[in-house]
Amino acid sequence: PISVAAARMAEVSLAQATCKFIDECPTPFHLCAETGALLKAAGFTEIAEDGAWRPLLKPGGSYFYTRAGTTLVAFHVGAAFEAGNGINVVGGHTDSPVLKLKPSSKKSAHGYLQLNVETYGGGLWHTWFDRELTLAGSVIVKQADGSFARRLLFVRRPLMRVPSLCIHLRTAEEREKFAPNKETHLAPILACAVSEALNADKPSASSLGGRHAPELLRVIGEELGCAPGDVLDFDLTLCDTQPSATWGLADEFLSAPRLDNQLTCYLAMLALIDHAKEAPPSQPDVAMIALFDHEEVGSGSAQGACSTVMSDALQRVSSCFAPDERHASVEALSKTARRSFLMAADLAHAVHPNYAEKHEKEHAPKLNSGTVIKSNDNQRYATNDATGFVVRELARLAGLTVQEFMVKNDCPCGSTIGPLISQSTGLRTVDIGAPCLSMHSIRETVGVADVENYLQLMKAFFGRFAELEGKCNFGLEFGAVRLASMSVCQPSVKAPAA
């Protein structure tokens, strides 16, 4: 057992590392690139989806790949893994509600150069007002040799702001309720028209034509070290420039942008790296993390949770270890899917002290009180009695606390990647998450102690699930009940006389 002081030091250290990671990952593109770099540094081998895996994958090996630059899958193959054994997955998502540049972003009004933006996901958009914002994302550029490349952009200085309307110009109704129009009120100011005129003698030869302000293209070119005319296309996001931070009398809170769900992504990666280092030679399963894009808009994309990413990962890993005989890989995949388990990890709604009536009192998670198990019998979450028990038992074995969350009957319930993947793959699934305040705000808040708790639960899942599963005879018990029920309900048939 470690001392209270040492445990506190570990919590603070992890919180600081989390802040640093999030500050380096303003978009899903950056998150996947940063995660990939950290996995490589830890000894993981990058593989390609369009390449052959069978010659590469070996028991005891660690691997990762990305799809579209915004979804990442990484896994460690247990040294004792065989075809048909289970694959245990921590699933998360890389995206967050943000403002994104429209395909034609140039906009001007009343002496100001602005940007056309689109809302992505269900953000608390009023929190984006009166903050220093910048740009980040992916840019397609033309290379000197005529080829094209994707470059990551992160402008590390304030570029724009969405100013509020002063109270004196608001009607009485507007003062009562701040309800900005998402189309007309969220356009940020980038520059004064005077600065635009001063730069009018520096035209851009970009193929983007007049869709974007030349001043914007110049900034992009300067950041990437290329001519503005070589900027051919981009996927750019507005992001906050304020660094992540811990706060509170005892630094017990952590506030940052994109905690939903970059916190999960970072901790899942750490848990997988630690597991790969510590897994014993007898480890029979595969530990995997699957970090999907587009969860905030329904997951319906080529790299979202509704795509083939999860099923492809299960099939390809399983088949690499199957015998060459006909149908062997199909049989192995079927067995693997039934023996695998998904921990769908996203943030959970902590009780708000000023809005406590929004929570049912027996299901009101608190910050710094443990990871949350999320349940909904209407299948908005995928937790059931068996999968919920697995998490509670893993927490007990690891000496961790967990909490319970279920929405009130008179309140709508959000959803996660859990039900989506469960229904498409048949994986046993549980929904969990660290408790959070201000979810979908430009800055969200979690408890520092919960960050450590969340990490340790993921590590317990990777390291102890196989042993725990061996003690759970749920399938046999359900089968016995079903057979017993059939024998009671169906009349006996007397054998014919000889």
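Colleague: How many aromatic pairs does a search of the whole structure find?

Modeller: Rings of Phe, Tyr and Trp (its six-membered ring) pair if their centres lie within 6.5 Å; planes under 30 degrees apart count as stacked, over 60 as edge-to-face and the rest as tilted. With that rule, searching the whole structure turns up 13 aromatic pairs.

Colleague: What is the angle between the planes of Trp53 and Tyr65?

Modeller: The ring centres of Trp53 and Tyr65 are 5.0 Å apart. The pair is tilted, with the planes at 55°.

Colleague: Good to know. What pLDDT must side-chain atom pairs have to count?

Modeller: Residues are numbered from 1 along each chain as its sequence is written, and side-chain values use heavy atoms, with hydrogens and water left out. This is a predicted model, where totals for chains, interfaces and linings use all residues, local features need pLDDT of at least 70, and side-chain atom pairs count only at pLDDT 80 or more.

Colleague: Is Tyr65 buried or exposed?

Modeller: Buried means under 20% relative accessible area, exposed over 50%, partly exposed in between (1.4 Å probe, protein chains only). Tyr65 has 2% relative accessibility, so Tyr65 counts as buried.

Colleague: How are the rings of Phe341 and Phe465 arranged, and which elements hold them?

Modeller: The centres of Phe341 and Phe465 are 5.0 Å apart with planes at 50°, so this pair is tilted. The pair ties together parts that are 124 residues apart in sequence, because Phe341 lies in strand β14 (residues 341-345) and Phe465 in helix α11.

Colleague: What relative accessible area does Phe465 have?

Modeller: Phe341 is buried at a relative accessible area of 1%. Phe465 is buried too, with a relative accessible area of 2%.

Colleague: How far apart are the end C-alpha atoms of helix α6?

Modeller: The expected span of a helix is 1.5 Å times one less than its number of residues. For the 20 residues of α6 (residues 259-278) that gives 28 Å, which agrees with the distance in the model. α6 is also mostly covered, with 16 of its 20 residues buried. Its end C-alpha atoms are separated by 28 Å.

Colleague: Which residues are closest to the centre of the largest pocket?

Modeller: On a 1 Å grid over the protein atoms alone, a cavity is a set of points where a 1.4 Å probe fits but cannot get out, and a pocket is an open set with protein on both sides within 12 Å along at least five of seven lines; lining residues have an atom within 4 Å of a point. Grid points are joined across faces, edges and corners, and a volume is the space filled by probe spheres set on the points. The largest pocket holds about 1000 Å³. It has 37 lining residues, and the closest to its centre are His349, Gly414, Ser438, Met439 and His440.

Colleague: Which element gives the most to the lining of the second largest pocket?

Modeller: That pocket has a volume of about 560 Å³. Its lining has 27 residues, with Ala398, Gly399, Leu400, Glu452 and Gln456 closest to the centre. Two or more residues come from each of α1 (4-23), α6 and α11 (448-469). With nine residues, the element that gives the most is α11.

Colleague: Last one: which strand gives the most to the lining of the largest cavity?

Modeller: There are three cavities of 30 Å³ or more, and the largest has a volume of about 100 Å³. Its lining includes Trp128, Asp240 and Arg258. Giving three residues, the strand is β10.

Terms used:
Helix = DSSP H or I, 4+ residues; strand = E, 2+ residues; numbered from the N terminus.
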